[in-house]
Amino acid sequence: MTSADRIASFGPFRLFPGQMLLMEDENPVRLGGRALEILIALTERSGELVSKNELMDRVWPDTTVDENSLKFHICSLRRALGDGQPGRRYLATVQGRGYTFVAPVEFSSAVKPITPPSAAVDRKHNLPSLHTRALGRGDTISALLDRFPRQRLITIVGEGGVGKTTVALTVAEAVIGTYEHGIWFVDLAPLNDEHFVAGALASALGLETHSENPIPELVAHLRIRRMLIVLDTCDHVVGAVAALAEQILAAAPQVHILATSREPLRAQGEQLHRLPPLGVPPNPSRITASDALSFPSIQLFVERAAAMLEGFELEEAEAPAVAEICRKLGGLPLAIELAASRVEAFGVRQLSSLLSSQLNLLNYGKRSVRPRHRTLTSALDWSYEFLPEVERALLRRLSVFRGAFTLESASAVASVANSDVPNDLANLVAKSLVAADVGGAVVQYRLSDTLRVYAAQKLAESDELEQYVRRHAEHQRDLFEQAGAEWTSQRTDEWLATHARHIDDLRAALDWAFSPKGDAAVGVALTVSAVPMWFRLSLISECRGRVEQALAAFQPRSTEDERRKMQLYAALDWSRFFLTASVQDTGFAWTIALELAERFGDTDYSLRSLWGLWAGRLNSGDFPAALELASKFRNHAATEADRADLPVGDRMVGASLHFLGDQIGARQHIEPMLSHYITRDHHSDMVRFQFEQSTTANITMARVLWLQGFADQAMRTVKDSIEHALSIDHTLSLCNALAQSACPVAFLAGDLPAAERYTTMLIDRADRHAVEVWLIYGKCFRGQLLIQRADVDAGLRLLGAAVDDLRKAGFAQYLTAFLVAFAEGLARSGQVAQGLAAIEEALTRSQRNQERWCFAEILRVKGELILRTRHPAAATEAEGHFLQSIDSARRQQTPSWQLRTAMSLAELWRGRDKPAAAEQLLSSVYNKFSEGFATNDLKRARALIDQLRNT
C-alpha cells in the first residue's frame with residue numbers, strides 16, 4: 001500500500017494524502033497545497049527529524065526557494081492545526097536543522113475516496129480565506145448557528161478589531177452546503193458612498209444590472225434564491241444597508257443576511273449579537289502558564305507569536321507578562337495579533353512595558369489582509385473618521401478617564417457650550433466605541449485601553465489637552481472630597497463600590513497636578529481627600545509616596561491649608577508604620593498633627609494623633625509610655641459628647657497592660673470594650689485608627705486567654721478574628737491579627753498545622769501589599785516552624801536574619817518573644833553560648849522596657865540553657881531561675897507559663913531524686929486547668945506526672 005492510499009489520523013484530524021485533503025472531525029480544513037505536502041511528509045516520518053532541505057526538495061522539486069518560504073508554510077500549517085494550544089502539540093522545531101511531527105499518528109487504509117461537505121458547492125460561494133482561527137468564540141458561533149434559519153437578519157456588533165469578520169466567516173463556512181444557491185460575501189469597506197451598496201452586492205453575485213438603481217433587478221434575482229449573504233463592515237453605510245436588507249427580506253423569503261457593524265442597522269426584523277473582546281486573566285501578576293493558556297486571548301497571542309517567531313512557546317516566567325499584554329489590549333483580537341507580531345523585536349517583557357503608551361508599536365501587520373486591519377491605528381482611524389465632529393470631540397475628551405466613568409462625570413469634564421453629552425455618548429455606545437455597564441444602580445461607561453490611548457493621541461494633537469486634563473483633575477478632587485464626606489455615613493461595601501473604581505483616575509490626576517504644567521494646590525487637596533481610599537484598600541506604599549509628594553509641594557496660604565497640613569502629617573506617619581526603614585522615625589509627624597489638631601480644637605485628629613503616638617511607643621517597646629498615651633486617649637475620648645471612641649481607649653489601655661504583665665487589668669479593659677464597642681457600618685475606625693477595632697481587641701484577648709490557661713478559648717478567638725478580618729477584606733487588620741495573635745497563639749498552643757497555615761497567609765498578604773514589618777514577622781514564624789520540625793539549621797538562619805531585621809528597624813513589640821524562640825533553637829543545635837547571649841538580650845529588653853508578659857518564660861529558657869552548660873553549679877543556678885519564673889507567673893496569674901516552668905523544675909528535681917516533690921509541684925499547677933488538655937504542654941505535663949507517680 002502506498003502512502004497515498006493510507007489515512008493518517010492524529011488528534012481530531014484525518015489526513016488523506018491521495019486527495020490532498022485534511023479533515024478536522026467532519027469538516028475540511030482550508031490549507032494550501034504546499035502546506036499539505038509538508039504535513040504529509042512530516043506525518044510519514046512521525047517522530048523523526050525531517051531536515052529543511054528534505055522538505056524543500058520535496059515541496060519545490062524543480063524550484064530554488066529560500067528558507068523563508070518553508071517557514072511561511074510551516075506557520076500556516078501550525079495555525080491550521082492549532083499547534084501550541086492546550087492539548088494540541090504537533091510540530092517541534094529543531095533549531096537550524098528541521099522539524100519533527102511529535103504527535104502519535106495512526107495509519108489506516110482508505111476504503112473509498114471521501115467527499116468533503118464543501119466539495120460540491122465550492123463554486124457557490126466567494127468566502128475569503130480566514131487568516132485567524134476564531135479562538136474563544138465557540139459559544140458565540142454555536143449561538144449564531146442556532147439562530148439560523150429562524151432569524152433571517154443577524155448583525156454582529158462590536159468595536160473595531162474585535163473579530164466580527166472572523167466570526168462571520170467562521171459561521172458562513174460552517175453552513176456551506178446548507179444554502180442551495182450559495183453564500184456570498186460582500187466587503188463594504190471600500191465604499192465611500194452609500195449609493196453603491198446595492199451595486200456592490202450585485203457585483204458579488206455576478207449579476208449585471210442595467211439601470212442607475214439596481215435594487216429592483218437585485219431583488220427580482222434573489223426572489224427565488226435560497227442563499228446566505230454576508231455584508232461585512234456596514235459601519236459607514238449603515239442606513240443604505242438597513243434599507244436594502246429590509247427590501248430583500250420582504251421579497252426573497254429564503255434569503256438570509258449576516259451583517260457585521262460597529263452599530264446596529266436598526267432594520268426591521270434585525271437580531272443583534274454583540275461581540276465582546278476575548279477573555280483576559282483578572283489577575284495577571286500571579287498566573288501560571290497552564291492557567292494562562294485557558295484564556296482565548298492568550299491562546300491567540302501564543303499562536304500568532306509562534307507563527308512569527310519560530311519555536312516560540314509560553315514559558316512559565318513569561319506568562320504574567322503575556323497576560324498583562326492581553327489585559328492592556330483589552331482582549332481585542334486585532335491588537336493582540338499585532339502585538340504578538342512584535343515579540344520578535346522586543347521580547348515579551350519589554351513589549352508589555354512599551355504597550356502602555358506606544359500605540360504605534362502595533363502599526364505593523366500582514367500585507368495579505370485588508371488595509372484597515374494591517375495596523376491598529378488604521379483600524380481605529382476607520383472608526384474615528386466616520387464619526388460626526390461632535391462625537392469625535394467627545395471621544396477625544398473622554399480619553400482623560402483611565403477607568404469607568406458616569407454620565408455625570410462625562411458631562412462635568414467633557415461638555416462644552418451647546419454640547420449634548422448624553423446624546424453623543426449614547427451614539428458612541430451604539431457604535432461600540434464606548435462600553436456601557438448597565439448592571440448597577442448607576443450606568444458605568446468605559447473606553448477600552450487601546451481606544452483610550454488612540455483618543456488621547458488625538459486629544460494631544462488638538463489644542464484642548466491642558467484644558468481637559470485640568471478639568472479631569474479638578475473633577476477627581478471634587479469626587480474624592482464628596483467621598484470623604486460620605487465615608488462616615490455609608491457602609492464600607494457601598495462606599496467602595498461607588499468610589500474605588502476611580503483609583504486609576506485618581507493616580508492620573510495626581511500625576512498631572514504635580515507635573516511642571518500641573519497645579520500643586522489641586523494635587524494637595526486631592527491627596528488629602530484620597531487618604532481614606534488608600535487606607536481602606538491597604539495601599540500603604542502608594543499613600544506614603546503621594547503624601548510625601550504633596551508635602552514637598554505644599555505652600556500654605558490659608559487656615560484651610562493648615563488643616564490640610566495636619567491631615568497630611570497624620571497620613572504620613574500612618575503610612576510609615578510598617579516600613580522598616582522609617583519605623584524609628586515615626587512620631588514626629590504625629591506630634592505636628594497633634595499640635596495642629598489641638599490648635600484647631602479638632603477632637604477627631606487629636607485622637608488620631610494620640611493613637612499614632614501610642615502605637616509608635618508600643619511598636620518600639622516603650623510600654624510605660626504607651627500606657628500613658630493610651631490613658632490620655634481614653635480621658636480625651638471620655639470628653640466626647642457621644643463617647644463613641646471610649647472603647648478604643650479601653651482597647652489601647654488593655655493592650656499596654658498586657659505587655660506590662662498585668663493580664664487581669666488587660667482583660668478588665670478588653671472584655672468591656674468587646675461588649676460595648678459597636679462596629680460602625682462604615683468601619684471608619686479602619687481609617688482613623690488603622691485597624692478594625694474589634695479584631696484588634698481580640699488580638700490581646702487571645703493572648704491573655706492563653707496565658708491564663710484557656711488555650712481552647714484562645715484558639716477559638718483566633719479563628720473567629722481571622723474569619724472576621726477576611727470577611728471585611730481589610731489587609732492591614734488581617735495581617736495585624738495574623739502577626740500579633742494567630743501565629744503566636746498557634747505556636748504557644750503547639751498547633752503546628754494552624755501555625756503553618758497562618759504563617760503562609762501572613763507572608764502572602766504582607767508580601768503582596770509590601771507591608772515590610774509583617775513580612776519580617778512571617779519570616780520569624782517560618783523559622784520557628786522549621787526549628788520545630790527538626791530543620792534546625794535552616795530555621796535558625798531564617799529566624800536569626802529576621803530578628804536582626806527587627807533590631808535594625810527598631811520594631812520591638814514582639815522582638816523579645818522571637819529572641820526567646822531563637823535562644824531555644826540555638827540550644828537545640830548545641831550552640832549554648834550563643835543561646836545564652838540571645839536570652840540575655842531578651843532579659844535586658846524585658847527589664848528595660850518593663851515587658852513583663854513573657855518574663856517568666858525568659859527565666860525558664862535561661863535556666864534550661866544554664867543546665868546545658870553542665871558546669872558544677874549549673875543545676876543550682878538553673879533551679880533559682882525556675883523558682884523565680886514560677887513566682888513571676890504566679891503573681892501575674894499566668895498558669896500556662898507556670899506549667900512550662902513547673903515541668904522544667906520537675907525534670908530537674910527528678911534527676912536529683914526528688915520525684916514526690918516534683919509530682920506535687922507539677923500536679924498543683926496542672927490542676928488549675930479546666931481546658932486545653934489536647935495541647936502539647938498539657939499532654940506532656942500529664943505524661944510527666946504519671947511517670948513521677950510511678951517512680
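Predicted model: local features only at pLDDT ≥ 70, side-chain atom pairs only at ≥ 80, totals over all residues.

Which side chain does Glu-864 meet in a salt bridge, and what is the N to O distance?

Modeller: The partner of Glu-864 is Arg-860, and their side chains meet in a salt bridge with an N to O distance of 4.0 Å. Both residues belong to helix H39, which covers residues 855-869, and they sit 4 residues apart, about one turn of the helix. The two ends of this bridge fall into separate classes of accessibility. Glu-864 has a relative accessibility of 27%, so it counts as partly exposed. Arg-860, at 8%, falls under the 20% limit and therefore counts as buried.

To put your pair in context, the count for the model comes to 47 salt bridges. In helix H19 (residues 465-486), Glu-474 and Arg-470 are 4 residues apart, which separates them by about one helical turn. Their side chains form a salt bridge of 3.3 Å, N to O. Here Glu-474 is partly exposed at 24% relative accessibility, and Arg-470 is partly exposed as well, at 29%. In helix H24 (residues 559-575), Arg-564 and Asp-561 lie 3 residues apart, again about one turn of the helix. The closest N and O atoms of their salt bridge are 3.6 Å apart. Arg-564 counts as buried at 18% relative accessibility, and Asp-561 counts as buried at 13%.

A polar contact elsewhere also involves a glutamate and an arginine. Glu-919, in helix H42 (residues 915-926), has a side chain joined to that of Arg-949 by a polar contact of 2.8 Å. Glu-919 counts as buried, with 17% relative accessibility. Beyond its neighbours within four places in sequence, Glu-919 is in contact with Ile-945 and Leu-948 as well as Arg-949.

The charged end of Arg-703 sits over the ring of Trp-853, at 4.9 Å from the ring centre. Arg-608 lies over the face of Tyr-605, 4.4 Å from the centre of that ring.

Trp-853 leads us on to the aromatic residues. One aromatic cluster is formed by twelve residues' rings, among them Trp-853, Tyr-777, Phe-781, Trp-774 and Phe-818. Within helix H35 (residues 772-788), Tyr-777 and Phe-781 are 4 residues apart, separated by about one helical turn. Tyr-777 is buried, with a relative accessible area of 0%, and Phe-781 counts as buried at 1%.

Among the model's 25 aromatic pairs is a tilted one formed by Trp-611 and Trp-614, at 6.4 Å centre to centre with 55° between the planes. These two tryptophans both lie in helix H26 (residues 603-620), 3 residues apart, and both are buried. By contrast, the ring centres of Tyr-777 and Phe-781 are 6.3 Å apart and their planes stand at 75°, so that pair is edge-to-face.

How values were computed
Residues numbered from 1 in each chain as written. Heavy atoms only, no water. Buried < 20%, exposed > 50% of the residue type's maximum accessible area, 1.4 Å probe, protein only. Polar contact = N/O pair within 3.5 Å; in protein donor to acceptor, adjacent residues only side chain to side chain. Contact = heavy atoms within 4.5 Å. Phe/Tyr/Trp six-rings, centres within 6.5 Å; stacked < 30°, edge-to-face > 60°. Lys NZ or Arg CZ within 6 Å of the ring centre and 35° of its normal.
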